[in-house]
Each structure stands twice: as C-alpha cells, then as structure tokens.
Amino acid sequence: MSGRIKTPTNQKLLTNVAVVRMKKNGKRFEIACYKNKVVNWRNKTERNIDEVLQTQNVFSNVSKGTLSKRDELLAAFGTEDQLEVCKLILDKGDLQVSDKERQVQSESGFKEVSNLIASMCVNPDTKRPYSPAVIEKALQDHHFSLKANRSAKQQALECIPKLRETMKIDRAKMRLRVSIPSKEAKAMHDKLKVMFNEVEVEEWEQGELEIVGLIEPGSYRGITEFVQKETKNKGQMELLSLKVMNEGEIEIS
C-alpha cells in the first residue's frame, strides 16, 4: 500500500484524518486513522482495522506525508512490520484532537452517558425514571469526566454507584417468570426465591413451582445458570419486562 492517504473521493486530502501519535527512542511515530474510529477500536465496537486505518503505513509526520524509516521502526518496536506497529500505536498512542473537537466530543459523550443512565435507572421509592437533565446535573456535581478508552455504557454502569452517594437511584428491575418441574421444585424453592428482590406471584400446581417477581438486571445470568443446571434445562424462564418503571412520570428534581 502506498504512503498516500486515501480519503473518500468527495473529500479533500487529509480533511478526515485523526492522527494517533507515539514517541519512542526520541522519535515520533504517527498513524493516520478515520475520525471517530479510534475510540470505536479501543472500546471494541469496531474490530476491522481496515475501517480504522487510512493506510497501513507509519509516519514521522502525517500532515507532511513523511514516512518513518525502517531502521527507526526496528529500533523502537523491534519489528519492521508496519501493520503490527500500527496496531501498537493505535492501542497505546495519543489521539491528537483540537480543543474544539475535544469539547464537542466531551459534551456529546456526557449527554450519551446521561441519557443511558436515565433510560436504565429509577428512583427506587417511586419507580419513576429521572430526566436526562437531572442525571447530567448530578454527574457534573460529581465532576464526572469521560474516559476515551471505555464505552458510554461501561461508564454509565460505573457511575450509578457513585450517584447513589447523593441521590436515590437504582437500576430498574426486570420482571421474570420462572417455572420449575415438580421433581426439582421443593429442593430449589428456597434458593430460587432469595434471588428475587420481590416475589409477586408464587404458585404450586401439581408439585410444579411458578414464581413471578422482580430481579436486579445483574442477577439474570446467575438465575438462568442456576435453573438450567438444577433442572437439566427442563425449567422455563420468561422475561416479562426488561425495565419495570412507572411510565409517563419523570423525576424532575
């Protein structure tokens, strides 16, 4: 592949380039990537490196189109393989962005995290969701800052425990129905019941057990594995509601 930066035909050369830079052995090494793709690669939402790199060449200066010398690559990275060096720089290098771009990315990411938390959580007393504006204000009060190498969802989940320090907030519960065959029902009853935050229905019919109730989202996998193992895949589970909340009402303070 040539050292020329490839860009879509309807764009001028270098107008859509994100530069990732690394300094080693006193030398500067740069790679040319498509904008917005570096973060996607780092948080693993993009796995095709050809969608990230504009060219599989290593530069000493992308804007001037100056390629790094082979002996410099070998001395700094122990290899002349351009693609391998590109991957190393892509994973560990510094993404060069302007102050304006950084501000736009920060504001956009901040709103995305706020919206995700608002969509996943409720006031546990009222079961009402909070508005994104309330969540955004709470995050600002906690001096939350975005991490470029983590997805918005990962950061949203990490923020929830911190928000609990100053407000009533919990993940919205899931409503689950579990049916256990009569052969295993009695033995499983007590262990299964305590996995629910709230049991809404508990019925026995001809020895078979059915429980309907609310669970934490993080408990779903554990309950699934428990039921499958103890019933040898004969138990049945049905997710009745992904998020249990009082729809139409929003906490605004």
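**Charged side chains, a hairpin and a nonpolar patch**

E184 is buried (under 20% relative accessible area, with exposed over 50% and partly exposed in between, for a 1.4 Å probe and protein chains only), yet E184 has no salt bridge, and the nearest side chain of opposite charge, K183, is 5.2 Å away. A salt bridge here is a side-chain nitrogen of Lys or Arg within 4 Å of a carboxyl oxygen of Asp or Glu; Lys and Arg count as positive, Asp and Glu as negative, and His and the chain ends are not counted. This is a predicted model, in which local features need pLDDT of at least 70 and side-chain atom pairs count only at pLDDT 80 or more, while totals for chains, interfaces and linings use all residues. Residues are numbered from 1 along each chain as its sequence is written, and side-chain values use heavy atoms, with hydrogens and water left out.

E184 lies in helix α7 (residues 182–193); helices (H or I, at least four residues) and strands (E, at least two) are DSSP runs, numbered from the N terminus. Leaving aside residues up to four places away in sequence, E184 touches E230 and T231, where contact means heavy atoms within 4.5 Å.

Elsewhere, salt bridges do form, and the structure holds 16 of them. One joins E30 and R21 at 2.8 Å, N to O. E30 is buried, at 3% relative accessible area, whereas R21 is partly exposed at 25%. R21, R28 and E30 are linked in a network of salt bridges.

Another salt bridge pairs E136 with K111 at 3.6 Å, N to O. This pair links distant parts of the chain, with E136 in helix α5 (residues 132–141) and K111 in helix α4 (residues 99–120), 25 residues apart. E136 is buried at 18% relative accessible area, and K111 is partly exposed at 44%.

Strands β9 (residues 198–205) and β10 (residues 208–215) run antiparallel and are joined by 7 bridges; two strands pair if DSSP finds at least two bridges between them. W204 has L209 in β10 as its bridge partner. The hairpin has 2 residues between the strands, and Q206 takes a positive phi near 55 degrees.

On the surface, Y220, L239 and L242 form a nonpolar patch with about 260 Å² of accessible area together. Such patches consist of residues with over 30% relative accessible area and no salt bridge, nonpolar side chains (Val, Leu, Ile, Met, Phe, Trp, Tyr) being joined within 5 Å and like charges within 9 Å. L242 belongs to strand β11 (residues 236–244) and is exposed, with a relative accessible area of 56%.

Key. Accessible areas come from the Shrake-Rupley method with a 1.4 Å probe; for residues, only the protein chains shown count as cover.
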